[in-house]
Amino acid sequence: MSDLEARLLEKIVGIRAIDCHSHVPAEAPHAKTLADLLGYHYYTELVHSAGMPADAMHSHISEADLIGKMVPRLETIDNTVQYSWLMEAARELFGFRPDRLTAGNWAELAQMVVEAARQEDRYRAVLAKANLEKVFLTNRFDEDLSGVDRAVFVPCLRTDDLVFELADPDVRRRLAEKTGSEIGSTEAVREAVRGLMRYFTQHGAGSAAISLPPDFTPGRPDEAAAGKALARALRGKDLSEHDSRHLAVFVFDAVTDACRQFHKPFQLMIGVLRNVYPAGVEGGHDLVSKSGGLVQYADLFRRYPEVDFTVSVLSLAWVHDLATFAWIFPNVKPSGHWWYLNVPVHIEYELRARLMAVPKVKLIGYYSDMYKVEFALPKFNMYRRVLARVLARDFVETGLMSEQQAVETATLLLRDNPKRIFGV
Amino acid sequence: MSDLEARLLEKIVGIRAIDCHSHVPAEAPHAKTLADLLGYHYYTELVHSAGMPADAMHSHISEADLIGKMVPRLETIDNTVQYSWLMEAARELFGFRPDRLTAGNWAELAQMVVEAARQEDRYRAVLAKANLEKVFLTNRFDEDLSGVDRAVFVPCLRTDDLVFELADPDVRRRLAEKTGSEIGSTEAVREAVRGLMRYFTQHGAGSAAISLPPDFTPGRPDEAAAGKALARALRGKDLSEHDSRHLAVFVFDAVTDACRQFHKPFQLMIGVLRNVYPAGVEGGHDLVSKSGGLVQYADLFRRYPEVDFTVSVLSLAWVHDLATFAWIFPNVKPSGHWWYLNVPVHIEYELRARLMAVPKVKLIGYYSDMYKVEFALPKFNMYRRVLARVLARDFVETGLMSEQQAVETATLLLRDNPKRIFGV
Amino acid sequence: MSDLEARLLEKIVGIRAIDCHSHVPAEAPHAKTLADLLGYHYYTELVHSAGMPADAMHSHISEADLIGKMVPRLETIDNTVQYSWLMEAARELFGFRPDRLTAGNWAELAQMVVEAARQEDRYRAVLAKANLEKVFLTNRFDEDLSGVDRAVFVPCLRTDDLVFELADPDVRRRLAEKTGSEIGSTEAVREAVRGLMRYFTQHGAGSAAISLPPDFTPGRPDEAAAGKALARALRGKDLSEHDSRHLAVFVFDAVTDACRQFHKPFQLMIGVLRNVYPAGVEGGHDLVSKSGGLVQYADLFRRYPEVDFTVSVLSLAWVHDLATFAWIFPNVKPSGHWWYLNVPVHIEYELRARLMAVPKVKLIGYYSDMYKVEFALPKFNMYRRVLARVLARDFVETGLMSEQQAVETATLLLRDNPKRIFGV
């Protein structure tokens, strides 16, 4: 690392960041046991990929059993960046010294986790150590938000089940219960979605969010066709693929329109293929597809100029699409580096492409996507290192930016842009 | 920058280059006002992307108004490589000292531009400073080429409207007027296209050129079907998509065949999606699509072995296709780095891929695609820096080339290959 | 090159490697003449791509004629990495000193090749110099394996013609002759394939292998439809595309099932478009397509969890698909860098992506794909240099691995993983 890169990194680590997407549960944000850390799907899916049977990691087995089985296998994945997150968290948050976790030393870390978990407001200390100011949650639409610690957490309305599973009676029941109105028509759906958005914004929500399959194509909804599909569902009938698509496009539009009315961004996470590997471990069933492209969303971006779409894609094949659409459409804001692209080699390429040709005020640098707050520190630090390197090599060393300008740009990406775009 | 890289860059800057693709207007090649520079679509589209209303930049507003509105917004895009082109041109061509353009200093630069514009043969001085020997134009098919300054400019027959808009009566009228013959049959079209090519070559043209959508698939034309489509158009009827495709494939073939007869290359610029964002600023409506692939052109490359196709693609997803087709087909020559790929991170990847596996005599390094000659210097310098870095790191440092061989290779890319391939 | 990188490279060069895919002919593994080296399709196709007529390199011309015509053209491709293989082989294996091959010096190298070829067990010495322990062959299904020198060579059952050309009477005849049973039904095909696999494993085979077009989609075979297609073929009828597909999917399944029964991996080499350029030189007709994706194979990976699929892809557009499928599916093992991706810039990207997010025990680093053993040394050395650089920069310098761990990881990729996975 050059001196310049080291100086930039030190400054960048000092920027108090906003994490606009996570799956932290508000009621249990920090790890209580080592199993809470090792149970993260990256570790279970990678050791399974390396040969450990999936059923050895089923959720019904005891924590000691899980750890005892996984730890000897960790050696097979100790090259991965995901493994490095675990060890950096262990070292920085718990004071664990060894650089590898082994059958001989895991008990010590397990004890450290249990003890640390007893500290008052442990999650706040963990986030402070990661230098995060706010962390977005991803809440079920009928979640009670009254207990959320809004000093550090920002609710976010997850809309996957609304958009793709409204034909499910249970989803409709939950929606009716939450909003107090029957879901008997498309207009009722629009009203219910507005009701949800009202509730969420009243509780400080920063946005709505959804993950989307690679072939989804939003468009101007055919409200009559969606209404018929809904009516079929209300009569307990199965929906054809055609019906399901009409209904999904309609609900997606209703959510987008609610974002417009409540002046909230819509986080689009595009490209996940669900359940490609059903025999895998929990959280390790989904994959990526290179098919499709962002042009599927052009009509949406045109119809809703008032809505900020913060967009992540899942396939490397889509990365150039995103950088170019963000270059042209004012309401397309590239956001972070999602899941299968959340690896330094891909982050580096994508970050260079964005920083070189998209207005700096539009870039949301990073989010953690974590399930426990302990992963904020190593994930954000991974990103910070890539950011420091890219700013040093491609911008400061080439004379495009001064050091001061580079730090200001980093501040936009990590803090000022998400604060402004999400209104936090 | 290493000493080696610096030495190579110095030598590379000294190579007098050929710019085989630009949109410079022969009658007004250099900027007369600062608005001629700031009005470049990169600046208007990027500040619009960063939030400035598109109608604030409509062509009917005054130049002072345009500048006054844009300058305060430039800060939002000062991270981009496009912004760096502006500042490098300001510094190197006008002697403007500040490293950012602001509300407080733009009047000074505006004055400098106006004064410099009054110099005799200003555009020649600007091109000499950029160390370019020749710049290709992109001429409308019915343009009068008699006044072109052929000491520095090379005409090029743009064929987009011929291929894709021959059903438009105005296009046929212009074609009939230019060639003196009625466009009443496919044979008449072939004859007219040959007439254009004759006229252009008599006026020193280097090639024909066309930009193509990602789904275009040339093939052996169905001349009967094309004739029927043309007949429909002559009767004033609208063409079906099917008819339009037959007509386009036919005219494309007529142009290719004329290239063959007149021994001229055909510049194919593949992958632009037109008018994806119609509400954008002028020149900022078009985007890219990752769909399709170069295999669509395999039949064309096979049928015209005598024609050199100098090919650019617009999507990163197509970059490997191009490098491999150029590796195998003698008549496929990769050309420059077009538009949404004209960003250092992409240039670097594409250049490394081409230099490592395509014969060096086939590579056309770069073209400016500029609308005013002032952008030749910063754009070519951007490329020269990437070229110096790639030659230093991947070729000289690894022992694959001596320094002298690296400079010779750069000379091929920047000068000797375009001279030989285009016959200038 | 940094000191660290140099130290790592020295250690990596010292790892005795396994080459799991080549086209070396067991009966003539080393070059007898310079034409055996220059006739490698990379050189003939590249000089043809650079302008030399293909018929100047037809196999019926004399070797002296071939060399005499090719050598003066080599200058046009001396930038390519393929050219560097030739010169590194000439230098390291024959003691040839010049760094370019010219009309003035090729006779000297030609003489050196002829003399070296006379050494006893020359191919063993060449492989020892390349520091390879074993080299896989790619054998026709009816090849006699009794004479293979199993001290260095490992047979591998090539299944392309079985899967895609079983409708050809000659293929069925060869299969019947080899297995001693008539190919009259799908069950007979399964039995014959098992017979082949039995014979191959008895002769030390490491795996089956196949190259696949980008649109191939394996699936659960419709055995009745495949049977009808086979019956049509037996009656001498041409097969429809539909029939051919059913038959191919069926035979592919039979091969996969035989791999399962004999506990052998199946090498899938996905993405080649055959005969895109039929007028090219021998071996230079095929190309790549960015279409399709690895999701086409998800069903296969699910149905055969016991079979290791060692997978290579041919298009850069598929690289992320492969890294992610290998991250999730236990039986998907990324293997080497194939053909149009076997270029340092692509190897580097792909290697970084794999090493950062796929368990290290699953990665097969490299194979040569060579036709003569002389190319093992320069090809493996090219890979070793990229590997040393990636381990140095992305892993040791960043603190993710110690130097010792980096060397251990390299040992897995080059030696221990292929030994374990292929059981050699």
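Before we start, one definition: two strands count as paired if DSSP finds at least two bridges between them. Keep that in mind, everyone, and remember that what we have here is a predicted model.

Let's begin in chain B. Strand β1 and strand β2, residues 132-136, are joined there by 3 bridges in the parallel sense. So that pair meets the cut-off of at least two bridges. If you want to find the spot on screen, look for B:A17, which sits opposite B:L132 of β2(B).

Now the whole sheet. It is open and has 3 strands in chain B, ordered β1-β2-β3, with parallel pairing. At its edges are β1 (17-19) and β3 (153-154) of chain B, each pairing on one side only. And what packs on this sheet? Helix α17 of chain B, residues 403-422, touches both β1 and β2 of that chain. The helix direction makes about 50 degrees with that of β1(B).

Next, how the chains relate. Turn chain A by 120 degrees, with a shift of 0.0 Å along the axis, and chain A lies on chain C with an RMSD of 0.0 Å. The two copies are therefore related as by a three-fold rotation axis. In chain A, the C-alpha nearest that axis belongs to A:A317, at 3.5 Å. The copies use different surfaces, though: 5% of the contact residues of chain A recur in chain C.

Last, the inside. The largest nonpolar core has 518 residues, and those touching the most other members include A:L268 and A:F301. Beyond its neighbours within four places in sequence, A:L268 contacts, among others, A:I210, A:F252, A:Y297 and A:F301. Thanks, everyone!

How values were computed:
Residues are numbered from 1 along each chain as its sequence is written. Chains are lettered from A and ligands numbered from 1 in the order in which they are written. This is a predicted model: local features need pLDDT of at least 70, side-chain atom pairs count only at pLDDT 80 or more; totals for chains, interfaces and linings use all residues. Side-chain values use heavy atoms; hydrogens and water are left out. Helices (H or I, at least four residues) and strands (E, at least two) are DSSP runs, numbered from the N terminus. Contact means heavy atoms within 4.5 Å. Axes are lines fitted to C-alpha atoms, for helices over the stretch in contact, and angles run from 0 to 180 degrees between N-to-C directions. Copies are superposed by least squares on the C-alpha atoms of residues with pLDDT of at least 70 in both. A nonpolar core is a set of buried Ala, Val, Leu, Ile, Met, Phe, Trp, Tyr and Cys residues joined through side-chain atoms within 4.5 Å. Buried means under 20% relative accessible area, exposed over 50%, partly exposed in between (1.4 Å probe, protein chains only).
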